[in-house]
Amino acid sequence: MTDTVEVWRIRPLRRVGDVTSLRAILPPDELARSERQVDESSRGAWITSRAVLRLLLSNYTHVPANELRLVAGKNGKPHLESSQNPDGVTFNFSDSGDMALVAVAWKREVGVDVEQVRTVERAAEIAARKFSAEAADELNRAADSDRDRVFLQNWARHEALLKAGAGTLWTQPGGGSYTVRDLDTGSGYVGALAAEGAGWSLTLRDYSG
């Protein structure tokens, strides 16, 4: 394993590149999925985020973005086809609102999650039932004005662990050890990264097209 995990912040999605040219990067099945978005703005953000994911992975693998083959692995988590990935690049992706995160590592599992801060109905009830005692206590101690953010930060940690294959904040990991770090996602968003092992360093980068 190498000792670095890189996380790319892609924001705002609607200003990254030209949607028409980015469409050419995506395979037919991903373009078909884009049509499920509710409106043109959401469709453009969806296309942009998936195309940028491919452009980033192309930089790491030196395979053209439109030729990359992403295949579903355990629990449906996408990974690079092994014939295109001799260096063992691993990645994970998340988007919310007008922001996306891409985590890239080498020979270690990673999971990333970003959440747009918003009102969460029954947050305290969900936390009491689902969160660890520590996470539920963090929410209970938060000021009323900060509770949605605190809830969603804990949710992002949970999702990052789940996507890394490590279990969740409220279940035991499924083997191995993982480290979770909160991410600087700027105003209006929260994010978290989970990566296999300990002692790795985090590098945050901004993608501007």
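This is a predicted model: local features need pLDDT of at least 70, side-chain atom pairs count only at pLDDT 80 or more; totals for chains, interfaces and linings use all residues.
Lys107 sits in the loop that runs between strand S5 (99-106) and strand S6 (110-116). The phi angle of Lys107 is near 55°, which is a positive value in a residue other than glycine.

Arg122 also has a positive phi, near 60°, and is not a glycine. Arg122 belongs to the loop between S6 and helix H4 (123-130). With 52% relative accessibility, Arg122 counts as exposed. As background, most residues other than glycine have a negative phi, and most peptide bonds are trans.

## A cis peptide bond

The peptide bond that joins Arg11 and Pro12 is cis, with omega about -15°. Pro12 is in the loop between strand S1 (4-10) and helix H1 (19-23).

## Helices H5 and H6

Two packed helices are described by the angle between their axes and the distance between the axes. For helix H5 (residues 133-141) and helix H6 (residues 147-164), the axes come within 8 Å and cross at roughly 165°. Angles over 145 degrees count as roughly antiparallel, so H5 and H6 are roughly antiparallel to each other. The crossing of H5 past H6 is right-handed.

On the H5 side, the contact is made by Ala135, Glu138, Leu139 and Asn140; on the H6 side, by Arg147, Val150, Phe151, Asn154 and Arg157. By type, the residues of this contact comprise four nonpolar, two polar and three charged.

## Aromatic pairs and a cluster

There are four aromatic pairs in the structure. One of them is formed by Phe131 and Phe151, whose ring centres are 5.2 Å apart; their planes lie at 20°, so the pair is stacked. Phe131 counts as buried at 7% relative accessibility, and Phe151 counts as buried at 3%.

Phe151 also forms a stacked aromatic pair with Trp155, at 6.2 Å centre to centre and 15° between the planes. Because Phe151 and Trp155 are four residues apart in helix H6, about one helical turn separates them. Trp155 has a relative accessible area of 27% and is partly exposed. Together, Phe131, Phe151 and Trp155 make up one aromatic cluster. Phe151 of this cluster is also among the H6 residues in the contact with H5.

Definitions and conventions
Residues are numbered from 1 along each chain as its sequence is written. Side-chain values use heavy atoms; hydrogens and water are left out. Axes are lines fitted to C-alpha atoms, for helices over the stretch in contact, and angles run from 0 to 180 degrees between N-to-C directions. Helices (H or I, at least four residues) and strands (E, at least two) are DSSP runs, numbered from the N terminus. Angles under 35 degrees count as roughly parallel, over 145 as roughly antiparallel, 65 to 115 as roughly perpendicular and the rest as oblique. A crossing is left-handed if the near helix is turned anticlockwise from the far one by less than a right angle, and right-handed if clockwise. Contact means heavy atoms within 4.5 Å. Ala, Val, Leu, Ile, Met, Phe, Trp, Tyr, Cys and Pro count as nonpolar, Asp, Glu, Lys and Arg as charged, and the others, Gly among them, as polar. Buried means under 20% relative accessible area, exposed over 50%, partly exposed in between (1.4 Å probe, protein chains only). Rings of Phe, Tyr and Trp (its six-membered ring) pair if their centres lie within 6.5 Å; planes under 30 degrees apart count as stacked, over 60 as edge-to-face and the rest as tilted.
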